[in-house]
Amino acid sequence: MPPTARGRYIRRRGSDLRAGDVLFPAGHRVSPRTVGAAAAQGLDTVPVRRTARVLLCTGGDEIGGEGRASVPDANGPMLRALCRRHLIDVAGHVRTSDDPEEFARALDGAVREYRPTAVVTSGGISHGQFEVVRQVLEPRGGWFGHVAQQPGGPQGLAVVDGTPVIALPGNPVSTAVSFRLFVAPVLGEVPATVTARAGEPLAALPAGDGRCRFLRARTEVRDGVLTVTTVGGAGSHLLAQSAGADCLVRVRAGEDVAPGEVVEVHPL
């Protein structure tokens, strides 16, 4: 055997994990390496967080029906896909109507049947004549108001039989943006917020408006720098135009962004 320097070929105790170190931080996602590391510490089990289960509520008498006045239900399938994307299970789906009593019976029954972690509704929360979600939940102590952003200004929170209700606006882009900002980070998993350079001028809302903007956008690396450019129009109904987006870029209230400036980016 050739001469060997003292200390060579030795794996020192504590080189991987020192006494008192945290093995897995809260929020750690279990992987095959997690299983191996736990086994190496003599652990047969580890505590995990149960996947959230949500009850979805979408509709309105004009949604998903028949006839020339009907509108396809885009939000229902989209919310299901968003739940899958962010690792949230769908426990069930309730169709809302324009009749508050009918919707209340359907919602109460579904909450009792499915016992979800939370309820996520879409639409029916503004100030129109048939805002059924607001009509049913506001008298039960729910809050309905506006947050300082575009799109997705109208929002609501309530509780039904001990189950939290997150009430999102009904325009499809507003629904998707609100889900990403308010539902997915709480009930599921989202990629970390990053910064990038603006690849074009980004206009804030008019002075004094007070709302920030969340623009649909795409990221790319230009000359080694993560750069973001907008996709499609800003209207909250322009769902097809937003299909190519891979992030939301935030434009702060009253602060226009020049090309090359740093912006906050929320990956989708």
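Which residues does Arg-134 touch, not counting residues up to four places away in sequence? In this model, which is a predicted one, Arg-134 touches Gly-124, Ile-125, Ser-126, His-127, Pro-139 and Phe-144 once those neighbours are set aside. Arg-134 has its place in helix α4, and because its relative accessibility is 15%, where the cut-off for buried is under 20%, it counts as buried.

Helix α3 runs over residues 100-114, which makes 15 residues, and it reaches 21 Å from its first C-alpha to its last, close to the 21 Å expected at 1.5 Å a residue. Within α3, the buried residues are Phe-103, Ala-104, Leu-107, Asp-108, Ala-110 and Val-111. They cover an arc of only 165° around the axis, and so they lie on the same side of α3. On the other side of the helix we find Glu-101, Arg-105, Arg-112 and Glu-113, which are exposed. To take one of these, Glu-113 counts as exposed because its relative accessibility is 58%, and the cut-off for exposed is over 50%. The C-alpha of Glu-113 is separated by 9.7 Å from that of Ala-91, although the two residues are 22 apart along the chain.

As for the ends of α3, at its start a side-chain oxygen of Asp-99 reaches to within 3.0 Å of the backbone nitrogen of Glu-101, while the helix is followed by Arg-115, whose phi is positive, near 45°.

If you look at Leu-107 and leave aside its neighbours within four places in sequence, you will see it in contact with Leu-55, Cys-57, Val-94, Val-119, Leu-137 and Val-160.

Cys-83 leads us to helix α2, residues 75-85, where the buried residues are Asn-75, Gly-76, Met-78, Leu-79, Leu-82 and Cys-83. The buried residues of α2 pack against β1, β2, β3 and α5 (172-187), and just after the helix Leu-87 takes a positive phi of about 60°.

Finally, a word on the cysteines: how many disulfides does the structure hold? The number is zero. For Cys-57, the closest cysteine sulfur is that of Cys-83, 12 Å away, which is too far for a bond. Cys-57 counts as buried, because its relative accessibility is 0%. Cys-212 is likewise in no disulfide, the nearest cysteine sulfur being that of Cys-247, at 15 Å, and with a relative accessible area of 7% Cys-212 is buried.

Technical notes. Residues are numbered from 1 along each chain as its sequence is written. This is a predicted model: local features need pLDDT of at least 70, side-chain atom pairs count only at pLDDT 80 or more; totals for chains, interfaces and linings use all residues. Side-chain values use heavy atoms; hydrogens and water are left out. Helices (H or I, at least four residues) and strands (E, at least two) are DSSP runs, numbered from the N terminus. The expected span of a helix is 1.5 Å times one less than its number of residues. Buried means under 20% relative accessible area, exposed over 50%, partly exposed in between (1.4 Å probe, protein chains only). The arc is that of the directions from the helix axis to the C-beta atoms. A polar contact is a pair of N or O atoms within 3.5 Å; within protein, one must be able to donate a hydrogen and the other to accept it, and residues adjacent in sequence count only if both atoms are side-chain atoms. Contact means heavy atoms within 4.5 Å. A disulfide is a pair of cysteine sulfur atoms within 2.5 Å.
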